[in-house]
Amino acid sequence: MNSRPTLACPTDEAPSAADRIAACGLRVTDSRVQMLLAMERQTAPMTVEDLMRHLMTSGQSFSLGTVYRVLSDLANAGLLIRQWIDGVAGPRAIYLARANPAHVAPHRLICRLCRSELQFFSRDLKASITQSLGKDPLGSANDSLDILYCCPKCAEPA
Ligand SMILES: [Zn+2]
């Protein structure tokens with residue numbers, strides 16, 4: 001543990017990863033801190049396998065089971081956003097850090113009839129809204145957008 005370089009905190013006021021983990025009521029462990037920091041450096045959602053590969057290339061090795069468990073703990077605590085995507089072998093979880101301002105919050109498509117929801121990530125949605133309107137109605141808010149639509153099921157003629 002002593003061999004690991006101290007991670008510089010990018011901003012003075014930001015609470016450390018350990019503080020944020022503790023604030024969620026989780027026990028602060030080395031693996032939770034390392035994985036939360038690793039996730040916060042990502043600009044795209046990652047699967048468990050993606051993170052595991054990433055940790056290995058940066059010299060940290062955790063078992064797949066540990067990565068699964070820690071990501072799940074961090075998501076349940078609200079520090080990561082978990083989303084399910086269709087994979088070859090069924091739905092797979094992808095994770096995204098919530099605290100990183102470089103990240104875009106998941107937007108939602110909500111059917112105005114059956115209220116079914118689809119979450120999606122898009123870096124470009126807000127930029128295209130700003131471009132279409134010729135002004136930026138959203139400011140620097142990093143909130144997710146809820147878009148009302150009529151889902152294909154509800155749109156089908158009875
Ligand atoms: Zn619907």
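This section describes the fold, the helix packing, the nonpolar core and the strand pairing of a predicted model.

Residues are numbered from 1 along each chain as its sequence is written. In this predicted model, local features need pLDDT of at least 70 and side-chain atom pairs count only at pLDDT 80 or more, whereas totals for chains, interfaces and linings use all residues.

The protein chain contains six helices and five strands. From the N terminus on, the order of elements is α-α-α-α-β-β-β-β-α-β-α. Of the 158 residues in the protein chain, 15% are buried; a residue is buried if 20 or more other C-beta atoms lie within 10 Å of its own, exposed if 12 or fewer, and partly exposed in between, with C-beta atoms placed from the backbone. Two residues are in contact if their C-beta atoms, placed from the backbone, lie within 7 Å. Among contacts in the protein chain with a separation of 6 or more, 51% join residues 24 or more positions apart.

Two packed helices are described by the angle between their axes and the distance between the axes. For helix α3 (residues 48–57) and helix α4 (residues 64–76), the axes come within 10 Å and cross at roughly 120°. Axes are lines fitted to C-alpha atoms, for helices over the stretch in contact, and angles run from 0 to 180 degrees between N-to-C directions. Val-48, Leu-51 and Met-52 of α3 meet Leu-64, Val-67, Tyr-68 and Leu-71 of α4 in this contact. The contact residues comprise seven nonpolar, no polar and no charged, where Ala, Val, Leu, Ile, Met, Phe, Trp, Tyr, Cys and Pro count as nonpolar, Asp, Glu, Lys and Arg as charged, and the others, Gly among them, as polar.

The largest nonpolar core has 18 residues, and Met-35, Met-39, Leu-71 and Leu-80 have the most contacts inside it. Such a core is a set of buried Ala, Val, Leu, Ile, Met, Phe, Trp, Tyr and Cys residues joined through C-beta atoms within 7 Å. Two or more residues are given to this core by each of α1 (17–23), α2 (30–40), α3, α4, β1 (80–87) and β2 (90–97); α4 gives the most, with four residues. Leaving aside residues up to four places away in sequence, Met-35 touches Leu-51, Val-67, Val-70, Leu-71 and Leu-74.

Ala-23 lies in helix α1 and counts as exposed because it has 11 C-beta neighbours inside 10 Å. Ala-23 and Ala-77 are 54 residues apart in sequence and 9.5 Å apart in space, C-alpha to C-alpha.

An open sheet of three strands shows the order β4-β3-β5, with mixed pairing; two strands pair if DSSP finds at least two bridges between them. The edge strands β4 and β5 (146–149) each pair on one side only. Strand β3 (residues 107–111) pairs with β4 (residues 117–120) in the antiparallel sense over four bridges, and with β5 in the parallel sense over four bridges. Ile-110 stands opposite Glu-117 in β4 and opposite Leu-148 in β5. The hairpin of β3 and β4 has five residues between the strands, and Arg-115 there takes a positive phi near 65°.

Just after α5, Gly-134 adopts a positive phi of about 75°.
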